[in-house]
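Here is my note on the model, as numbered points. Please read it with the coordinates open.

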Amino acid sequence: MPTEEILISTLGGQIIVGLASGLLSSLIVFLLATFVNDSIVPWFQRRFYRGLSVSGIWRGDRKDGDRNYGFAIEIRQSGYALSGTFNAINTNADGTQTNKLYGVAGTIVNNCVVLNYEPMSSRIYGGGSFVFQIYSAGRELRGGMLYMRTKSGEIQAVDDLILTRRDD
């Protein structure tokens, strides 16, 4: 008998061939799913999305007592999917500033932008969500945010945010 037939006819050989074929088929399915999710789905979204583009840098600020909270959100859009960064620039009454960078991901549905943000560094605590409506023919986002205060850990809501797109 040839060596291949002996290998397949033994129990150990059948287990080895079964494991190898299982691993190979799992790898093929994983690569195909990754390709479809990362290439095909975004292509279809870009091709058939007919809504407003919110890509760009959006800025705004908000006074609260003696503090000024600055917002700079850079949004990248691929069809309905949104991603980017959120830079929180907080100025205290004594003029000192804190600057924290977060990653954002979200979606645009109807006339609303929904973004969730979380720290990009393990040294930063907190996270939250933004919900905006699009105004002024896509030049303004109005809405609010729900977030966790970094010092007290309390959940806070803000409902009077206005961001404008920076034109470059």
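1. Terms for the core. A nonpolar core is a set of buried Ala, Val, Leu, Ile, Met, Phe, Trp, Tyr and Cys residues joined through side-chain atoms within 4.5 Å. Buried means under 20% relative accessible area, exposed over 50%, and partly exposed in between (1.4 Å probe, protein chains only).

2. Basis. This is a predicted model, in which local features need pLDDT of at least 70 and side-chain atom pairs count only at pLDDT 80 or more, while totals for chains, interfaces and linings use all residues. Residues are numbered from 1 along each chain as its sequence is written, and side-chain values use heavy atoms, with hydrogens and water left out.

3. Core. The largest nonpolar core has 24 residues, and Phe 86, Val 113 and Phe 130 touch the most other members. At least two core residues come from each of S2 (67-78), S3 (81-91), S4 (97-109), S5 (112-119), S6 (128-135), S7 (140-148) and S8 (155-165). S2 gives the largest share, four residues. Strands here are DSSP runs (E, at least two residues), numbered from the N terminus; helices would be H or I runs of at least four.

4. Phe 86. Contact means heavy atoms within 4.5 Å. Beyond its neighbours within four places in sequence, Phe 86 is in contact with Phe 71, Ala 72, Ile 73, Lys 100, Leu 101, Tyr 102, Val 104, Tyr 117 and Phe 130.

5. Barrel. Eight strands close into a barrel, in the order S1-S2-S3-S4-S5-S6-S7-S8, with antiparallel pairing. The twist averages 25° from one strand to the next. Angles run from 0 to 180 degrees between N-to-C directions, on axes fitted to C-alpha atoms. Two strands pair if DSSP finds at least two bridges between them.

6. S1 (residues 56-64) pairs with S8 over two bridges, antiparallel. Trp 58 stands opposite Arg 165 in S8. Six bridges join S5 to S6, and Asn 116 faces Ser 129 in S6.

7. Hairpin. S7 and S8 are joined by eight bridges. Tyr 147 has Gln 156 in S8 as its bridge partner. Six residues lie between the two strands of this hairpin, and Gly 153 in the turn has a positive phi of about 80°.

8. Pocket. A pocket is an open set of points on a 1 Å grid, with protein on both sides within 12 Å along at least five of seven lines; lining residues have an atom within 4 Å of a point. The largest pocket holds about 510 Å³. Of its 25 lining residues, Arg 67, Tyr 69, Asn 90, Tyr 147 and Thr 150 lie nearest the centre. S2 supplies the largest share of the lining, four residues.

Conventions:
On a 1 Å grid over the protein atoms alone, a cavity is a set of points where a 1.4 Å probe fits but cannot get out, and a pocket is an open set with protein on both sides within 12 Å along at least five of seven lines; lining residues have an atom within 4 Å of a point. Grid points are joined across faces, edges and corners, and a volume is the space filled by probe spheres set on the points.
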